[in-house]
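Trainee: Could we go through this structure together? I would like to ask about one feature at a time.

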Amino acid sequence: MAVALPTRPCPAHAPPGRRERAPAPRRPRRKAPCALALLALAAALGGPPAAAARAPDAAADAAPAGPPPPASGAQPAAPADEAADPPAEGRPVVSPVQRPDERDAPQRACSFALPVCAHAPAGVPGSALLESLADLEAAMRAYDALGLPRPLPDGARGGSPAYDLYLERGPRRPARVGHDLRAIGERFDAASAFAIVAAPGRGGCSSASDAAYALGHAVATRLDAGAEEGALAMAASYLAAIAAPCPAEELAAIDAFQRAPERALTGAALGALDGALLFPWYLDDAYGAGTPAQVAMSLLAIAAQPTPGGAARFRAEPDTFDALRASLRSRGKDLDDLLLEFAIARAFVGSRSDGAHLSDVARFGDFGRVRFEWSLPYATLPRRVAPLRPIEPTGATYLWLDLAAEGAAGGPDLEAAEITLVADWELPALFRWAIVKVDRQGAEAGRVEVAGIFGESRAQRTVVGLDGLAGLLIVGVNAGSMIRSRPFDPDDAPFMPHAYTVWLSR
């Protein structure tokens with residue numbers, strides 16, 4: 001749906017019930033203690049979060065009087081605070097991607113200065129082999145400069161302990177990244193890694209991006225071989241964007257990510273640059289000490305655990321989101337607070353950037369604009385709307401209330417006007433909401449956050465002081481289940497999405 005914004009870019013029913021049954025036995029979830037989180041993040045976090053600059057609201061926000069009933073009758077009862085199913089397990093210990101045999105990749109070129117090698121079939125030109133080796137060397141030097149650990153040596157695999165990148169003939173497709181069996185002698189899960197990518201020869205920066213992505217995956221696998229696939233994809237994408245910037249690849253990834261804000265942050269598959277790299281980007285901007293990638297890689301290190309010998313799957317607990325929860329708790333914040341803050345920052349990416357939320361994102365232009373579910377003129381209120389698609393856990397939704405026409409006409413007195421928002425959503429999800437005031441220059445002029453309450457499926461708020469605004473940006477985020485014993489777990493994919501309705505009146 002087309003959305004008219006300022007010239008300077010602006011920025012239910014209950015789910016089917018289950019038959020009652022005795023609760024299944026659950027494996028105890030191991031949480032990363034706050035002390036461990038603080039020690040591991042000490043080098044990455046520096047001082048209080050760098051919150052976006054907010055102008056004071058023009059007037060105090062009042063509670064609404066007499067909100068309407070929800071669209072679907074009486075609210076269902078909140079679910080009991082207990083898990084119905086055991087938590088999901090992690091990724092397979094044996095990689096689904098296997099190393100190519102040396103006979104299939106007889107050509108080999110290794111660096112004299114760094115532990116990296118490139119392999120190729122007989123039909124691949126030697127120039128392509130050397131180009132890939134140069135890309136690997138450049139990426140490793142970039143990661144060395146960031147202070148990141150190098151990939152775990154793989155012994156004699158590939159002919160040497162160096163990291164191995166295998167080239168293949170044919171059209172370019174997503175990289176296939178794999179890992180070897182867990183390293184013996186390591187205290188926590190760690191594994192060497194490799195990747196299979198298309199041979200260079202098409203020009204541009206895609207081959208350098210592929211090499212940096214593959215090497216970034218190997219760095220993450222050394223820190224936590226059992227990390228969830230979505231976290232590894234996010235980390236590898238972010239590292240590749242730092243070490244080998246490639247506008248063509250990044251624009252496509254960011255555009256796909258922003259067009260589907262309802263998807264979970266960890267829903268990406270390994271192999272291709274993913275726009276979820278904006279999340280570790282935001283963690284660095286808001287909580288980092290200045291060196292890129294330190295927060296995301298520290299979270300991987302915190303979440304690492306030893307998997308018992310002979311297990312078919314890695315131990316998945318704690319995961320990176322457990323580590324993030326523990327770290328945030330030590331700072332007096334919750335994960336749902338962070339998810340809402342990121343969802344707001346995500347609205348100011350690309351041509352909607354105001355320079356106060358995420359750094360260096362204006363370069364994405366219109367490809368970075370997040371999709372709004374609705375753009376509602378002020379004169380059409382009251383309205384009740386619903387999203388095109390339901391929202392997955394950690395996904396977000398956006399609505400735009402346009403005040404520009406009323407402000408230009410000078411008809412209604414926006415300074416004395418008020419807007420009432422009532423949101424209803426499906427259980428057992430917990431939604432968080434914020435109303436962001438956007439001025440006529442496209443910058444944030446203030447915000448009102450609506451706290452989520454466990455056991456409730458409704459939020460309501462009235463906002464006053466609308467004079468001088470271009471519009472109101474309503475941001476919602478699915479913070480996961482309201483069942484306290486079942487917080488968001490990235491290993492629970494595929495995720496159950498939940499819908500909502502929003503009622504707006506004046």
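Trainee: Where does D360 lie?
Mentor: D360 is placed in the loop between α9 and β6. Helices (H or I, at least four residues) and strands (E, at least two) are DSSP runs, numbered from the N terminus. The model is a predicted one, where local features need pLDDT of at least 70, side-chain atom pairs count only at pLDDT 80 or more, and totals for chains, interfaces and linings use all residues. Residues are numbered from 1 along each chain as its sequence is written, and side-chain values use heavy atoms, with hydrogens and water left out.

Trainee: What is the phi of D360?
Mentor: The phi of D360 is near 60°, a positive value in a residue other than glycine. Most residues other than glycine have a negative phi.

Trainee: Is D360 buried or exposed?
Mentor: D360 counts as exposed because its relative accessibility is 51%. Buried means under 20% relative accessible area, exposed over 50%, and partly exposed in between (1.4 Å probe, protein chains only).

Trainee: And T394, where is that and what is its phi?
Mentor: T394 lies in the loop between β7 and β8 (396-402). Its phi is near 75°, again positive in a residue other than glycine. T394 is buried, with a relative accessible area of 4%.

Trainee: Which residues are joined by a cis peptide bond?
Mentor: P382 sits in the loop between β6 (374-377) and β7 (383-385). A cis bond also joins L427 and P428, where omega is about 5°. The loop between β9 (418-425) and β10 (429-439) holds P428.

Trainee: Back to α9. How many of its residues are buried?
Mentor: In α9, 11 of the 12 residues are buried, so the helix is largely enclosed by the rest of the structure. Among them are L335, D336, F342 and R346. Helix α9 (residues 335-346) reaches 16 Å from its first C-alpha to its last, close to the 16 Å expected at 1.5 Å a residue. The expected span is 1.5 Å times one less than the number of residues in the helix.

Trainee: What do the buried residues of α5 pack against?
Mentor: They pack against α4 (229-243), α6 (278-287) and α9. The buried residues of α5 are E250, A253, I254, D255, F257 and Q258.

Trainee: Changing topic, which residues touch the most other members of the largest nonpolar core?
Mentor: M297 and L473 do, in a core of 98 residues. A nonpolar core is a set of buried Ala, Val, Leu, Ile, Met, Phe, Trp, Tyr and Cys residues joined through side-chain atoms within 4.5 Å. A second, separate core of 30 residues includes L421, A423, V463 and L504.

Trainee: What about β2: which strands does β2 join?
Mentor: Four bridges join β1 (residues 107-110) to β2, and these strands run antiparallel. Four bridges also join β2 to β3 (residues 163-168), and that pair runs parallel. Two strands pair if DSSP finds at least two bridges between them. C117 stands opposite D164 in β3.

Trainee: Which way do the residues of β2 point?
Mentor: V116, A118 and A120 point one way from β2, C117 and H119 point the other way, and all are buried.

Methods. Contact = heavy atoms within 4.5 Å.
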